[in-house]
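Please open the model in a viewer and follow the selections below in order.

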Amino acid sequence: MLKDKIARIVAENEALFPIEKEYAVKQKLIEENAEINNKEWSFPVIERCLKETEEVIKGESVSFMNEPVSYFTKHADEFLYVESTAFETIGVDGIALEMDDVFETTTGLFGLKVQKKWSAFLKEYLAANVGSATYSAMFSDQDGLWDINIPLDQLEGFHKDMAIKDAMDLVYRFIFKLLEAIEAAN
């Protein structure tokens, strides 16, 4: 799962995010002092969409990722959908960010490729790390994905003035740690 993907990245001498490098050292895929280039975020798809219809309002340039997350407070009728090749490592096609109207929190939504048998573990992990009343996780037998919605406000390091790209990094690290926990429990 995660170990195989990181081992492939290391074998191909590709860059790693800090969390991936930390994992690679833990798994003895690389030495702690190994010279590894830091991976940079790239987002080939950045779309602002209407929540009600999911219609694309506008395809944004990468500079939009520097907007503060508080953008969604002011534009509660929108969500942002992004894709990145980096998401392949964590089994996610894309991530959406929006303001949750009910809980008034900034949320991250994504489909996660994890087997249904991990249901209890997944829900326990989410409850312990983002609060049991503030997340949702449903498995779709149709596409074999978990549809997960987490409040970013509950993630360590989150603040409303952070750049959207930094919020994406927080979500990525959260998913990475979740997958690492599943792998350790396997």
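Begin by selecting Asn 13, which lies just after α1 and takes a positive phi of about 55°. The model is predicted, and local features need pLDDT of at least 70, side-chain atom pairs count only at pLDDT 80 or more, and totals for chains, interfaces and linings use all residues. Residues are numbered from 1 along each chain as its sequence is written, and side-chain values use heavy atoms, with hydrogens and water left out.

Next, display helix α1 (residues 2–11) and helix α2 (residues 18–26), whose axes come within 10 Å and cross at roughly 100°. Helices are DSSP runs of H or I, at least four residues, numbered from the N terminus; axes are lines fitted to C-alpha atoms over the stretch in contact, with angles from 0 to 180 degrees between N-to-C directions. The two helices α1 and α2 are therefore roughly perpendicular (65 to 115 degrees).

Now select Leu 2, Lys 3, Ile 6 and Val 10 in α1, which meet Glu 20, Tyr 23 and Ala 24 in α2 (contact means heavy atoms within 4.5 Å).

Then colour α1 by accessibility. Leu 2, Ile 6, Ile 9 and Val 10 are buried, that is, under 20% relative accessible area with a 1.4 Å probe, protein chains only. Seen down the axis of α1, these buried residues fall within an arc of 100°, so they line one face of the helix; the arc is that of the directions from the helix axis to the C-beta atoms. The buried residues of α1 pack against α2 and α5 (164–185). On the face turned away, Asp 4 and Ala 11 are exposed (over 50%).

Terms used:
Angles under 35 degrees count as roughly parallel, over 145 as roughly antiparallel, 65 to 115 as roughly perpendicular and the rest as oblique.
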